[in-house]
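Below is a short note on the model, arranged as numbered points. Please read it alongside the coordinates.

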Number of protein chains: 2
Amino acid sequence: MINLVELSEKIFIKDKRSISKAITIIESEEKNAIDLLKLIHNKTGNAYKIGITGPPGAGKSTLTNAITKFLLIQNKSVGIIAVDPTSPFTGGALLGDRVRMNEIGVNPKVFIRSMATRGSLGGLSKKTIDASEILDAAGFDFIIFETVGVGQSELDIVNAADTTIVVLVPESGDAIQAMKAGLMEIADLFVLNKSDRPGADSALMALKTILMLKNHTDEDWLPNIVKAVASENNGIEEIINEIYKHKNFLIEKNILNRKRANQLKIRIKEIVETFLRYDLWNEENLTELNKYLLNHFEKTISPYEVAEKLIINFKENLKSKYD
Amino acid sequence: MINLVELSEKIFIKDKRSISKAITIIESEEKNAIDLLKLIHNKTGNAYKIGITGPPGAGKSTLTNAITKFLLIQNKSVGIIAVDPTSPFTGGALLGDRVRMNEIGVNPKVFIRSMATRGSLGGLSKKTIDASEILDAAGFDFIIFETVGVGQSELDIVNAADTTIVVLVPESGDAIQAMKAGLMEIADLFVLNKSDRPGADSALMALKTILMLKNHTDEDWLPNIVKAVASENNGIEEIINEIYKHKNFLIEKNILNRKRANQLKIRIKEIVETFLRYDLWNEENLTELNKYLLNHFEKTISPYEVAEKLIINFKENLKSKYD
């Protein structure tokens with residue numbers, strides 16, 4: 001049996017093997033994961049969390065790499081969680097751009113972990129955030145979440161990060177596509193990566209125009225746009241400065257605390273719902289559900305009526321447990 | 001007060017205004033929506049449902065348009081649900097590619113509805129599928145779901161469609177990006193759209209190579225790849241034939257029934273969980289949760305412990321209701 005107290009002690013001294021083991025526990029052993037997270041909780045809350053998102057091919061990994069190198073020069077430690085939309089089809093074998101990151105991964109002040117998202121419906125946010133708690137307790141100054149940002153994952157990143165960076169490239173229409181995909185309203189900072197490519201200036205103008213359309217008060221943070229070529233380390237210093245500027249803004253206006261309380265609220269709700277789901281879909285209720293599915297094509301009873309019956313069952317069962 | 005029986009009668013005779021009204025009810029009035037869905041349920045199950053997904057800019061709307069026109073020639077009726085990842089930022093004003101679809105929308109055998117997804121966490125799949133029930137009961141031969149496919153939405157489409165089409169374009173790396181994003185394993189058919197562009201043949205080769213890597217038995221459906229230029233109606237007939245081929249396969253192998261039962265299972269589970277969530281996050285429990293959040297920065301109690309307390313509260317409340 002694993003000694004979780006011992007493991008947590010090793011996490012606190014940034015032992016990489018123990019951190020890695022802890023995240024594996026989070027990915028695969030729920031009971032131990034919960035006990036471990038309870039143990040380390042009082043050491044958390046100190047890391048500053050950066051989310052990096054954007055469409056596929058925008059250069060998110062390269063940017064994460066460059067930002068990390070810069071933070072290392074400032075003597076900061078960095079924990080990275082790369083959220084991989086891995087295909088069960090390929091086993092993630094083609095994710096070669098992660099390989100580059102091994103270079104910084106050997107630095108004792110850097111920890112990199114890739115986490116898969118497929119097949120863990122609703123679990124992305126929960127497990128990713130649980131893993132970041134480990135890195136937080138390990139004393140990393142910064143935690144970077146890197147994820148493809150179209151669909152649900154960019155909402156998850158907002159629920160995890162203090163500063164969210166949206167990475168775009170100058171290709172025509174990209175700004176508008178990003179807006180369609182909902183990336184615009186989550187950004188605290190835009191990075192126009194690969195800005196040595198043709199069309200960078202017009203993309204910048206398009207972005208600025210779109211941003212000006214946004215209603216805002218003096219109390220609101222206005223996201224800046226930084227041009228960068230991450231692969232050549234261009235623009236990285238400005239990005240880091242923007243992150244600090246945003247961090248200071250959040251602290252001065254007392255928003256950081258409120259933001260984290262809200263993230264925590266979402267997280268606790270998710271935990272509660274996950275636990276109740278186990279109670280809900282026990283063998284008895286699943287048998288009941290499957291019974292109905294046998295004759296579904298007869299359309300004699302609607303899904304809503306089945307749902308209502310299942311809920312009554314569930315509540316009566318809970319009641320009898322307490323009798 | 002709205003007369004739902006009257007409304008359902010009008011839905012059954014494909015009255016467009018009534019169908020539109022019904023979907024608005026689904027979007028905004030839960031109580032009426034449920035009653036209406038119960039009323040129409042026994043008229044559902046006859047439509048064949050097609051999901052069209054792919055990365056932004058792949059030409060999904062244009063393809064939907066072309067497929068619909070072709071089905072009209074075959075004297076089929078088509079209901080379209082365009083799932084819009086609308087930005088609250090712009091109110092969707094830039095979604096000009098939908099405008100083109102108005103052209104077919106005036107045909108009495110076509111009904112088009114755009115549904116927003118933002119801000120309705122977890123609600124995309126539920127409300128979209130509820131809306132498709134209305135179209136199904138209205139007697140449309142085909143229902144097409146069109147949605148941007150990166151992240152969660154492509155999983156939702158698999159839970160709604162009988163045949164899922166993944167649209168890609170020849171741009172370099174697109175196939176690989178799509179694979180990363182998890183689009184490859186959900187496709188029953190690939191459409192390589194804009195295949196008059198340079199790189200179409202090598203993209204086709206790349207796709208074929210990737211597909212050959214997939215393990216399969218004789219019982220599995222092997223997705224085909226069709227080259228198309230949707231804007232010029234090229235390749236559309238072949239796409240339609242592939243859809244029929246897939247449909248026949250599903251029926252002959254008795255998979256369609258199993259597939260729909262499984263979709264229904266997921267749907268009922270979602271309905272049950274949504275209803276229970278209302279019970280769960282009542283004022284009392286939210287007050288309890290908020291109380292903890294006030295001092296969250298002290299890190300004295302972990303989120304998992306808060307969750308456990310909330311669950312005990314919830315169960316005890318349910319019990320007392322039954323006493």
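1. Chain A has 323 residues, and 43% of them are buried. The model is a predicted one. Its chain A secondary structure amounts to 13 helices and 7 strands. Taking contacts in chain A between residues at least 6 apart in sequence, 77% link residues at least 24 apart.

2. In chain A, α1(A) has A:Leu7, A:Ser8 and A:Ile11 as buried residues. Viewed along the axis of α1(A), these buried residues lie within an arc of 100°, so they line one face of the helix. On the face turned away from that buried side sit the exposed residues A:Val5 and A:Glu6.

3. After α1(A) comes A:Lys14, with a positive phi near 60°. A:Lys14 belongs to the loop between α1 (4-12) and α2 (16-28) of chain A. There are 18 other C-beta atoms within 10 Å of A:Lys14, and the residue is therefore partly exposed; the cut-off for a buried residue is 20 or more. Most residues other than glycine have a negative phi.

4. Chain B also has an entry of this kind. B:Lys14 has a phi near 60°, a positive value in a residue other than glycine. The residue is in the loop between α1 (4-12) and α2 of chain B. B:Lys14 has 18 C-beta neighbours inside 10 Å and so counts as partly exposed.

5. Helix α2 of chain B covers residues 16-28, 13 residues in total. From first C-alpha to last, the helix reaches 18 Å, close to the 18 Å expected at 1.5 Å a residue. The buried residues in α2(B) are B:Ile19, B:Ala22, B:Ile23, B:Ile25 and B:Ile26. Because they fall within an arc of 150° when seen down the axis, the buried residues of α2(B) line one face of the helix. The face of α2(B) away from the buried side carries the exposed B:Arg17 and B:Ser28. An α-helix has 3.6 residues a turn, so residues three or four places apart point the same way.

6. What are the buried residues of helix α3 (residues 30-40) of chain B? They are B:Ala33, B:Ile34, B:Leu36, B:Leu37 and B:Ile40. Around the axis they cover an arc of only 165°, which puts them on the same side of α3(B).

7. At what angle do helix α4 (residues 60-73) and helix α10 (residues 236-252) of chain A pack? The angle is about 75°, and the axes are 10 Å apart. The two helices, α4(A) and α10(A), are therefore roughly perpendicular to each other. On the α4(A) side the contact involves A:Ala66, A:Ile67, A:Phe70 and A:Leu71, which meet A:Ile236, A:Glu237, A:Ile239 and A:Ile240 of α10(A). By class, this contact has 7 nonpolar residues, no polar ones and 1 charged.

8. A:Glu288 is placed in helix α12 (residues 283-294) of chain A. The residue is partly exposed, with 14 other C-beta atoms within 10 Å. Not counting residues up to four places away in sequence, A:Glu288 touches A:Leu310 and A:Asn313. A:Glu237 is 51 residues from A:Glu288 along the chain, and their C-alpha atoms are separated by 60 Å.

9. Is A:Asn193 buried or exposed? With 29 C-beta neighbours inside 10 Å, A:Asn193 counts as buried. Its place is in the loop between β6 (189-192) and α9 (200-212) of chain A. Apart from residues up to four places away in sequence, the residues A:Asn193 touches are A:Ala58, A:Gly59, A:Leu63, A:Val167, A:Leu168, A:Val169, A:Ala228 and A:Ala230. Of these, A:Ala228 is 35 residues away in sequence, with a C-alpha to C-alpha separation of 4.7 Å from A:Asn193.

10. A:Lys109 lies in the loop between α5 (102-105) and β3 (110-116) of chain A. It counts as partly exposed, having 16 C-beta neighbours inside 10 Å. Leaving aside neighbours within four places in sequence, A:Lys109 is in contact with A:Leu72, A:Ser77 and A:Val78. A:Lys109 and A:Gly199 are 90 residues apart in sequence, and 38 Å apart in space from C-alpha to C-alpha.

Methods: Residues are numbered from 1 along each chain as its sequence is written. Chains are lettered from A and ligands numbered from 1 in the order in which they are written. This is a predicted model: local features need pLDDT of at least 70, side-chain atom pairs count only at pLDDT 80 or more; totals for chains, interfaces and linings use all residues. Helices (H or I, at least four residues) and strands (E, at least two) are DSSP runs, numbered from the N terminus. The expected span of a helix is 1.5 Å times one less than its number of residues. A residue is buried if 20 or more other C-beta atoms lie within 10 Å of its own, exposed if 12 or fewer, and partly exposed in between; C-beta atoms are placed from the backbone. The arc is that of the directions from the helix axis to the C-beta atoms. Axes are lines fitted to C-alpha atoms, for helices over the stretch in contact, and angles run from 0 to 180 degrees between N-to-C directions. Angles under 35 degrees count as roughly parallel, over 145 as roughly antiparallel, 65 to 115 as roughly perpendicular and the rest as oblique. Two residues are in contact if their C-beta atoms, placed from the backbone, lie within 7 Å. Ala, Val, Leu, Ile, Met, Phe, Trp, Tyr, Cys and Pro count as nonpolar, Asp, Glu, Lys and Arg as charged, and the others, Gly among them, as polar.
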